[in-house]
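Trainee: Could you take me through one part of this model slowly, residue by residue, and say what each value rests on?

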Amino acid sequence: MTIELAPNRWSYVGNGATTGFAYTSRIFASSDLKVFVNDTLQTLVSDYSVTGAGTPSGGNVVLVSAPANGAVVVIVRDVAAIQGLDLAALGSFPAEENEKALDRLTILAQQIGRAHG
């Protein structure tokens, strides 16, 4: 897949009832997102879950409890700067795995670019 310039951050305002909040960019694992409610970092599993990890179009963060009316919910894509692909010499060329590795590099470059202006 190709990676277009995509958002790394999504902001919402709680209404006391909604628990699901969309993110619209690819992540590789649920831990690639950081979730804040009123500037307080939430904890994966105990405070929220993530759907759509690995899906190019993103998914949802589902909070265990609906944020209060007016609470600010911020989702930040924070992909770890790791390279987990290990290719064997003269082995097969796993195109999909290579593409995921290149996607990760592109996403990291986008994160760095946004962090520095």
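**A close look at Arg77 and its surroundings**

Mentor: In this predicted model, a polar atom of the Arg77 side chain lies 3.1 Å from the backbone oxygen of Arg26. Arg77 itself is placed in strand β7, which covers residues 72–77, and its side chain makes a further polar contact, at 2.5 Å, with the side chain of Asn8. Although Arg77 is buried, it has no salt bridge; the nearest side chain of opposite charge belongs to Asp32 and is 7.9 Å away, whereas a salt bridge would need a side-chain nitrogen within 4 Å of a carboxyl oxygen. Leaving aside residues up to four places away in sequence, Arg77 touches Ala6, Pro7, Asn8, Trp10, Ser25, Arg26, Ile27, Asp32, Leu33, Ile107, Gln110 and Gln111, so that list holds both of its polar partners named above, Asn8 and Arg26.

With centres required to lie within 6.5 Å, the count comes to two aromatic pairs. In one of them, the ring centres of Trp10 and Tyr23 are 6.2 Å apart and the planes stand at 70 degrees, and because an angle over 60 degrees counts as edge-to-face, this pair is edge-to-face. Trp10 belongs to strand β1 (residues 9–13) and Tyr23 to strand β2 (residues 20–23), so the pair ties together parts that are 13 residues apart in sequence. Both partners fall under the 20% limit for buried residues, as Trp10 has a relative accessibility of 7% and Tyr23 one of 1%. The other pair is formed by Tyr12 and Phe21, whose ring centres are 5.4 Å apart and whose planes are at 50 degrees, so this pair is tilted. Here Phe21 counts as buried at 4% relative accessibility, while Tyr12, with a relative accessible area of 26%, is partly exposed.

Gln42 is found in the loop between β4 (40–41) and β5 (48–51), and at 18% relative accessibility it counts as buried. A polar atom of the Gln42 side chain lies 2.9 Å from the backbone oxygen of Thr40, and, not counting residues up to four places away in sequence, Gln42 touches Val35, Phe36, Val37, Asp47 and Tyr48.

Notes:
Residues numbered from 1 in each chain as written. Predicted model: local features only at pLDDT ≥ 70, side-chain atom pairs only at ≥ 80, totals over all residues. Heavy atoms only, no water. Phe/Tyr/Trp six-rings, centres within 6.5 Å; stacked < 30°, edge-to-face > 60°. Helix = DSSP H or I, 4+ residues; strand = E, 2+ residues; numbered from the N terminus. Buried < 20%, exposed > 50% of the residue type's maximum accessible area, 1.4 Å probe, protein only. Polar contact = N/O pair within 3.5 Å; in protein donor to acceptor, adjacent residues only side chain to side chain. Contact = heavy atoms within 4.5 Å. Lys, Arg positive; Asp, Glu negative; His and termini not counted.
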